[in-house]
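Hi,

Here is the structure we talked about. My notes follow below it.

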Amino acid sequence: MEATTAASGMMTAINFLATSPTPRTFVPTTSLSSRWLSKPKKPNLLAVYAPRVNNLLSFLTHCSTKPDTNTNNETDQDSTIEHNSNSKSNQSNAPSSSNSDEALGASLSPSNSSSSRGLVLDLGSTNSWDSGEIGSPVVKRFLGDDEERWYMWYHGNSGEKPGSDSVGLAISSNGIHWERGNGPVRTSNDVGLVMNCGKDWWAFDTLSIRPSEVAIMSSNKVRASSAVYWLYYTGYSSEKMNFLDYDPLEFNLENPERFHVGNLLSGENGLKRQINKSLPGLAISQDGRHWARIEGEHHSGALFDVGSDEDWDSLFIAAPQVVFHGNGDLRMYYHSFDVEKGEFGIGIARSRDGIKWVKLGKIMGGGLRGSFDEFGVKNACVARNKKDGKYLMAYEGVGADGSSSIGLAVSTDGLKGWRRFQDNTVLKAEGGWDNKGIGSPHLVQMDGDSDEWRFYYRGIGNGGRTGIGLAVSEGSDVRKFTRWTGFSV
């Protein structure tokens, strides 16, 4: 799909600074005719106004998964990546091979150890920004005239700040072997840390940030270097959201999850669990590396707030994944914890411009008793099948014991009528590096000769060690996924 030529007019709207912290930009909304968007915008006195950024509203009419769809260009479709860059940037920021490459290098031979099966990105090296934990993979594949390139945005933290996540970028030529950086990026050719937590005391994302989706906006009349990336992410603050659990869960409820036993406080009538409030945010970039936050309607800068005490999403909003359905029709899938039902659930919101959203309600909850997702569903990734137009959802299912596995559901319109493919998982924790749990799937439908799907996921191993894995479908059959084991020969 193409984007309108309005893209060329908004490139100067924002100054994408190469320095941190990431700047915030207030986007003034105009009146919209949609029946969804009837609630007036509240003034945000803490926002910074950028006069020309309102061009974004007219820009978002078509969405593309490629930075440039003009195949007549003689240059690369994405000129912002150079594997052999001559940049004079700091050595720690230049692309370097993933720590998991050594393990995966052997994956081309039958002798590859099963313990690393599926692992494509391990923890960063000692003292790197992502040496403590990684997860939330958001993967995009770009096809050029003579090559393919892959971007992976993911969250990570270091041992020095284990409770504060940042967003980083890794690149690849095949989606298997990844190049990463140890520190912050400095140029548009670097890889590594690309976005830190917010610095404003009133903001919703001062504690931690995790990526959920990157929408690539482009036009066939705009050069690849002018593509615009829209990052939807979860921002966490230090604000605590408490509730009483009269029938204690078999697992510890945390937000964000840290894969360890959190602190539980005793309440008068039950167990009082503490989680951090999280809300959805948006940032925009011209190179996928230097980001400008876009102010939403909420006073904290978030796109929208949690629901009221009676609503299913009153605790937090997490993992806002956005799908472009058509001209002026975007859908956001997110999850929260339904206190009344005691389960995770997935909800949907709708927008005409990608900035102003209206919630439509909960669309999926927990599965049948004894099923792998009995205690709910979360971290959904929805993709529209290019062949039949149906919507495919990969999600993380939570069992009664807190175990996490990956399931699939399908819908004809992406709004309602979501049907689970089967009562069983399509991928679950097994012996190996991810033997304690898997989740946060991100779907990629392959183009060209290959008629398969991939999903990247977060795996948890012994001691809570995390990594990012890859599973592939058996051809076009999305009911069967197996962990990556090597290229076919």
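Which side chain makes a polar contact with the side chain of D434? The side chain of Y457 does, at 2.8 Å. (A polar contact is a pair of N or O atoms within 3.5 Å; within protein, one must be able to donate a hydrogen and the other to accept it, and residues adjacent in sequence count only if both atoms are side-chain atoms.)

Before the rest, some ground rules. This is a predicted model: local features need pLDDT of at least 70, side-chain atom pairs count only at pLDDT 80 or more, and totals for chains, interfaces and linings use all residues. Residues are numbered from 1 along each chain as its sequence is written, and side-chain values use heavy atoms, without hydrogens or water.

Back to D434. It sits in the loop between β21 (419-420) and β22 (437-445). Strands are DSSP runs of E, at least two residues, numbered from the N terminus. D434 is buried, at 2% relative accessible area. Buried means under 20% (1.4 Å probe, protein chains only). Beyond its neighbours within four places in sequence, D434 contacts A429, Y457, G459, I460, G461 and R483. Contact means heavy atoms within 4.5 Å.

Now the cores. A nonpolar core is a set of buried Ala, Val, Leu, Ile, Met, Phe, Trp, Tyr and Cys residues joined through side-chain atoms within 4.5 Å. The largest has 44 residues, and W153, M195, W230 and W357 have the most contacts inside it. Strand β10 (residues 228-245) gives the largest share of this core, six residues. Another core, of 20 residues, lies apart from it and includes V120 and I176.

Last, the cysteines. There are zero disulfides (cysteine sulfur pairs within 2.5 Å). C197 is buried at 8% relative accessibility. C381 is buried at 2%.

Best wishes

Conventions:
Helix = DSSP H or I, 4+ residues; strand = E, 2+ residues; numbered from the N terminus. Buried < 20%, exposed > 50% of the residue type's maximum accessible area, 1.4 Å probe, protein only.
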